[in-house]
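Here is a short report on one structure, written for a first look. Keep the sequence and the model side by side while reading.

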Amino acid sequence: MSRSTVPLVGRQRELATLREALALGDTPPDVGGRVVIVDGDAGIGKTRLLREVVEQVRAGGRRRLLVGHCIDLGDSPAPYLPFREVFDRLARDEPAVVTALREQLPALRPLLPRAADTGAPPRESDPTRLDRGELFAAVAAALARLGAQHPVLLVVEDVHWADQASRDLLGYLFRRARSADPDDVGAVDIVVTVRSDDLHRRHPLRATLAEWSRLPAVLRVGLQRLPADDVRTLVERLAPHRLADDELRDITARADGNAFFAEELIAATAESGASAAQLPWHLAELLLVRLDRLGDAARQVVRVAAVAGRRVPHTLLTQVVAEVGGDQAGIDAAVREAVDQHLLEPSASGSDYAFRHALLAEAVYDDLLPGERTRLHAAYARVLAAATQASAAELARHAAASHDLAGAYAAGVRAGDEAMAMAAPHEAMLHFEAALGLASHAPPDALDPALVTASAVEAAVAAGHIQRGRQLAEQALRQLPPDTAPRVRAVLLFAAALADTAGETMPETLSMTTEALALTPAEPPTTFWVRLAALHAQVANILGRDIEAEQWAHRALQGEEALQCPGLASQAQHTLAYLARRHGELDTAGDMFARSIEVARATGEADAELRSTFALAQLHLDRVEYDAARTGYETCLRRAEELGRRWSVWAVYARVTLALLDRHAGRLDDAERRLDVSVAVADDLPADAAALLTAVRLRVLAARGDAALLDELPRLRAAWAVEGRIALYAGFAALELFEHRGDPDAAERMIDELVTLLGPLWLDPWFLARIEYSARGIAALARATVSAPDNTRAALAARGERLVADGRTSAGQGFLRTATLGAEGQAWLTRLEAEWARLRWLTGVDAPDADELVAQWQAAVAAFGFGADFEQAQSRARLAEVLRAVGRPQEAAAEAQQARRFAVRAGARALLDQVAAIDPPARARAASTTTLTAREQEVLDLVSAGRSNRQIAQHLYISEKTVSVHVSNILAKLGARSRTEAAALMRSQTEGVPSS
């Protein structure tokens, strides 16, 4: 990072914040672990502020400074680019240090300069050769070891251009800041800059940045526009001569608080000799005025550099200038002129150059004529193709831009292989898909596009884009010519089946693996045949064909042994463990899952590891071992993050299950945070994963009694047939709301729709969720019965009889995943019988006596005591209703009070309404005993003043969504049904007047 000659004007508060956060005044070696994110609009002064910090660090001389930059490479980013730059510079400046790191940390070698690593590169065909968790741990350990020698400041600029893998690695380091582990990053300070105006609604960093900001070690410093006085001061200091007052006012106004705009306006004024009023308004035009002041050679150098992006290595720049016929002898003078004119800036090491601002590079590039761009991109492609250390992603970009489509295809395939080798499946998928778009231009000796499609499918599944992978495979299979080689068709069938097993597996999936096996010789066994046999066993297991699954799993393991490739058939080991679980051998299954995890991790089989980690957590959940289950799901999420598979199906399922456990415990806020789908606009979040998270979030809204969930249902319906769980959880949410409303017609229509869809999808008309469906349908009938005419009650009871019969059949005949019905299934079966008893009591059809009715509900309360606190509280409220109905008011009040306490703590407004209907004074007691937070009290005061959510948000400088959450919590705590009632209840508490 070069030193700045531009004065720092203003920003004293932000600079003081950075100095304090980074302890620049006193930096003892044992202090570190601070993370600062500096964000602001382009040109607002992020880099200049950071340079001030860097200069102070350099002046202190007690820290090792490491700097990396992210570069805009479009849709085909090279993974870990800023970290490669950091270690490249370190290798040049301190080669002995990098040599030691290479020897001590083998997993770090993919990020080290190839000249410093003489080992053979990993095979491009093996997508599992690098464990991303090991790579991340190696980076953290390397930084820690550097920090043990000298305190380290790691600076990463322009993270808005970072690839997904680099963002994940930064998040990993941020979460391990302030750690006491000697191999962690506790002794390293990290500063990153982000261009906030680039974070459009679909930008992948937008949600990630919000997650980072919540980490305890992270301080976020946002740079706002400079005040007009500071801009005026800056203009006065930069102007080479005194400006007229009207010029000064014009430039200050047009800079609009942006220091870079102000600098460029002044520079253009000075260089053109024109008045400020005559200058072009658009900044790009102003930048090009400066470009026009250069000599021909310097102008050519700047234009060549712009084609590379914001930053270009010196060697690459000189080679490309020579390639396009530039004056090689005069290149140093030309670069010097560009540097002197402040268009380019050398790095501290002098090994590369960067534009003073990304907008400079963009303006110069946009000014190139189409033919110029093509020729310069072609020159870059030729130079990179001849280099041994060139990034395939960069080569693919230049080849495509120069219309060398055959070269772009080959480079794109290599870039995808490299990204998979670096545990960056999302980036790999993008590269493979880009290559497939050029498949018609593939050279004769290139990889068959059908095999590239298979690689793209595997990358898509690893990244969680299951539907995209399935579509790619199905389209490729339809387009295969009749004379396709058996091997190629088998590979595509394997890829299609792999995508199916990550979503909804159907009998057709088994047909695909069966055909692929018929096309692939079993003798001698190959790595592909073993993987295919293991997948076939997995599909058979999912479809309930236990004998076939066990046979093929053993055959796959035998093939693995014959090839002496441990871990190749780890998926088969998982299948055998699952079969043991289904047959009730839970201890054996647990041991086998644990072994499968161990083998998969040791051999880099990422999918098998995540699948088995999730399955082991599920096993703990089945055994009602909630702490162990939570640990297992959290481990699954963490490993998915480390392996670059944040949105893989198992990571999403783990997130969903953790949110449901939060809901069970009444931690609705925690569940909503875990399910926040504001990240759904991120490019790396698959649409089906976003839909599943939204469906589960509807269950949380239902628990809050929020009818807005019904507005979301139509938008989710299209995804129901794609992923049955989306329909399952959305259906649960809708039925809970219909139960609360007492709308049995809507409830029964929803149940019929769900059964019609999910029965064929899951190959089982009596799937276990129908127990809960039936219980909630009967509850809606019971609620409707209270106000129904006497002559309709028998018909309501008959409708309930059909539902209870369906629930009982599902419990007895459903395709059970274990030998016995689990704790949750037993609890819902008990609740079903209790709801049926209550409906019979209310309709008078085969009515139970009072003692039997109470006993049924007491059993339901007890049945949910395994940890399903929310359902237990709902059952307790129903028990209170029953006790009150049979003339036991004191017991009813005691049960209602327990249910109310839980509902207040959870913010469950629907449950509070239920309790209030049982015990009307409860709402007044809630108002008199509830303590609102300071923020909630502010919101309630504004609600009482008649302000809307938008007005409250503007007044308190928070989002409308946050206001809505606060209002929901207030209503829940007070047991109020409306904003007006909440205000009245609080007035009655503070003024001592009746709320009614």
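Strand β7 pairs with strand β8 (residues 352-355) in the antiparallel sense, over three bridges. Two strands count as paired if DSSP finds at least two bridges between them. Strands (E, at least two residues) and helices (H or I, at least four) are DSSP runs, numbered from the N terminus. Glutamate 345 stands opposite alanine 354 in β8.

The open sheet here has three strands, in the order β6-β8-β7, with antiparallel pairing. Its edge strands are β6 (311-313) and β7 (344-346), and each pairs on one side only. On average, neighbouring strands of this sheet are turned by 25° against each other, direction ignored. Helix α13 (residues 314-323) packs on the sheet and touches β6 and β8. The direction of α13 makes about 80° with that of β6. Axes are lines fitted to C-alpha atoms, for helices over the stretch in contact; angles run from 0 to 180 degrees between N-to-C directions. Contact means heavy atoms within 4.5 Å.

## How to read the model

This is a predicted model: local features need pLDDT of at least 70, side-chain atom pairs count only at pLDDT 80 or more, and totals for chains, interfaces and linings use all residues. Residues are numbered from 1 along each chain as its sequence is written, and side-chain values use heavy atoms, with hydrogens and water left out.

## The five-stranded sheet

Five strands form another open sheet, in the order β2-β3-β4-β1-β5, with parallel pairing. β2 (64-69) and β5 (218-222) stand at the edges with a single partner strand each, so one side of each has no neighbour in the sheet. From one strand to the next, the twist averages 15°. Helix α3 (residues 81-93) packs on this sheet, touching β2 and β3. The direction of α3 makes about 140° with that of β2.

Strand β4 has partners in β1 and β3. Strand β1 (residues 35-40) pairs with β4 in the parallel sense over six bridges. There, glycine 40 has arginine 195 as its bridge partner in β4. Strand β3 (residues 152-157) runs parallel to β4, joined by five bridges. Valine 152 has valine 188 as its bridge partner in β4, and leucine 154 has isoleucine 190.

## Inside strand β4

Is β4 enclosed or open? Eight of the eight residues of β4 (residues 188-195) are buried, so the strand is largely enclosed by the rest of the structure. Buried means under 20% relative accessible area, exposed over 50%, and partly exposed in between (1.4 Å probe, protein chains only).

In a regular strand the side chains alternate between the two faces of the sheet. Val188, Ile190, Val192 and Val194 point one way from β4. Asp189, Val191, Thr193 and Arg195 point the other way.

## Helices α28 and α29

Two packed helices are described by the angle between their axes and the distance between the axes. Helix α28 (residues 606-622) and helix α29 (residues 626-642) pack at about 165°, with axes 7 Å apart. That makes the two roughly antiparallel. Angles over 145 degrees count that way; under 35 is roughly parallel, 65 to 115 roughly perpendicular, and the rest oblique. The residues of this contact divide into ten nonpolar, five polar and two charged. Ala, Val, Leu, Ile, Met, Phe, Trp, Tyr, Cys and Pro count as nonpolar, Asp, Glu, Lys and Arg as charged, and the others, Gly among them, as polar.

Glutamate 609 is found in α28. Glutamate 609 is buried, with a relative accessible area of 1%. Leaving aside neighbours within four places in sequence, glutamate 609 is in contact with Ile597, Ala600, Arg601, Arg639 and Leu643. Glutamate 598 is eleven residues from glutamate 609 in sequence, and 7.8 Å away in space, C-alpha to C-alpha.

## Two further helix pairs

Helix α32 (residues 687-704) and helix α34 (residues 724-741) pack at about 20°, with axes 8 Å apart. α32 and α34 are therefore roughly parallel. Their contact residues divide into twelve nonpolar, no polar and four charged.

The axes of helix α41 (residues 889-906) and helix α42 (residues 909-918) come within 9 Å and cross at roughly 155°. That makes α41 roughly antiparallel to α42. Ala896, Ala899, Arg900, Phe902, Ala903 and Val904 in α41 meet Leu911, Leu912 and Val915 in α42. These residues divide into eight nonpolar, no polar and one charged.
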